[in-house]
Structure formats: C-alpha cells, structure tokens
Amino acid sequence: MIKIICDSISDLPIEIIEKYNIDIVPLTVIFDNKEYLAGETLTTKEFYKILRDTDIMPKTSQATYVQFKSAFEKYDENTEIIYIAGSSTASGTYQSSMLAKNDGHDNVSIFDTQNLSIGSALFVIKACEMVENGCSVEEIILSLEKLKNDVEVVFSVDTLEYLKMGGRISSTKAALGNLLSIKPILEVKDGLVVQKSQVRGKKQIYSTLAKTIVEKFGKDLKSRTIIIGCGDNIEDLEIMKESLEKEAEISNVYFVNIGCVVCSHSGPGVMGISCI
C-alpha cells in the first residue's frame, strides 16, 4: 500500500482530497499573535473574512517535526508513504519532514516539488494517479522529478495593498500601481514567487495568464491537467476558464480556493492557473 501525504502549501481540489483520501499536514497561520492551523482550525472562508476585516497581515509558520512524526506514525511499516512537499526554498516545512523521516521512518519517501499552491498540487494529483495505476514508489518519484520542468504556474492579485503590507513592495510603488491599475503577473521560479511581467487593468489578467499557458504547452491542452485557483473572488473563476477556452482546447480542469498560506502574502483577491 502507498499513502500520499502533502502539506497545506499545496492547494488541492476537494474532489482530489476525497477521492484519494490524502492526508494534509497544516502549516500555522498567525493573526495578531493568535495561531491557527491552516484548513483545520481556520477555514479558508474564515481566513478571507479576517483578511478583509483587518489591516493586520498574517504570518505563516512551517509545519513542525512533531506534526510530521504524528502523520507518519499513523501508518505501520507495511505502508509506503510518499510525502509531497511544498517548496523547500520557500518554507522550512520540508526540513521538518526530513527530521521526522530520519527518526525511524524508513518507509517514508519525500519529494520536494520546488513549487507552491496550485503548482505543487499538480504533483500530488499526478502521484495519486500513478498510485492508482499500480506504479511503485521509485517509479512515482522518478516520474515527478522529470515533470519539474513541465509545470507552469502564473497568477496575479487584484490590489497591491497586501504586497505593500507584507513588505514586498514599497508604499510609493503600491500607490502608483493602484492608481494606474497595474497588476503584476507572478510566477514560481526556483521555488519562489517572482514577477514575470505586468499588465494594465484587471481584464488583462485573464488573457495574459491564459496566453502564458498556451505559449508553453500549445493550444491543445486536452491531455493536460489544469488547476484554476482564486481567493474569495469566486466570480472570476468562470471568467478565467472562458479566457482559457478562447486560447486553447481544454478538458481536465479543476477549480480551487487558494488557501491561507499563499493568501497570507497575496491577499484574498488572487487569480492563478497551473498546468502540467
């Protein structure tokens, strides 16, 4: 038996979590010195509301050795565990899992996606599909490694205020950007979020994200797995899908609410797309 575990850096479609019974190790979200477990003691809906209702930016803290030790000990040595980690460059969560694995858990294999949110979620989906198809742990890890260069993740935010509050851009740049309706196009590169480009106006976000995916994979995306994610801006999901359908042929598309870990930095009004 092979068991797939991930962490709350990955934002998975609920149907995938339920279908494959995936265990998720939560990171900690800190609001005004009060700690919550992302997705457990604080739902994404509650998180969005707090973000909208306060001017305090949350912080996140890595999942701990104790959490991973507990997660691994749920299964006996006859169960092979694959833990699929959110980027080790962005979080110390991966290191916590390594400490727990090296403390007597030889049945655990760990894969570092070097990705985030709906990007790292793609690796979890692929791993689950390979387990379902009877692949071994070694085959799954090798396949996931080969897929690292075949992933595209791009997203944007509806306001620069949260990036300013988090210290990622200056107040002057945020004020000017909001005045001119400048929206950054962001991507995950080498395990971290970096700016790829920028557009003027929210409407340009959808077409730019869609065209970025098509530039990498071409117009025929029917065999690809795609995730479209948002924060509390649910109405934007269908617009994003329609924009992608104008640029490409699609089939296997999932929708998710991007969780506490990423939105702690981006704010609740985020829109992203990933493809593998």
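## The parallel sheet

Four strands, in the order β2-β1-β6-β7, form an open sheet with parallel pairing (strands are DSSP E runs of at least two residues, helices H or I runs of at least four, both numbered from the N terminus; two strands pair if DSSP finds at least two bridges between them). The edge strands, each pairing on one side only, are β2 (23-25) and β7, and the twist from one strand to the next averages 25°.

This is a predicted model, in which local features need pLDDT of at least 70 and side-chain atom pairs count only at pLDDT 80 or more, while totals for chains, interfaces and linings use all residues. Residues are numbered from 1 along each chain as its sequence is written, and side-chain values use heavy atoms, with hydrogens and water left out.

## Helices on the sheet

Strand β1 (residues 2-7) pairs with strand β6 (residues 80-85) in the parallel sense over 5 bridges. Helix α5 packs on the sheet and touches β1, β6 and β7, its direction making about 175° with that of β1 (contact means heavy atoms within 4.5 Å; angles run from 0 to 180 degrees between N-to-C directions, with axes fitted to C-alpha atoms, for helices over the stretch in contact). Helix α4 lies across β1, β6 and β7, running at about 165° to β7.

## The loop residue N107

N107 lies in the loop between α4 (93-101) and β7 (108-112), and N107 is buried, with a relative accessible area of 15% (buried means under 20%, exposed over 50%, partly exposed in between, with a 1.4 Å probe and protein chains only). Leaving aside residues up to four places away in sequence, N107 touches D76, E77, T79, E80 and I81.
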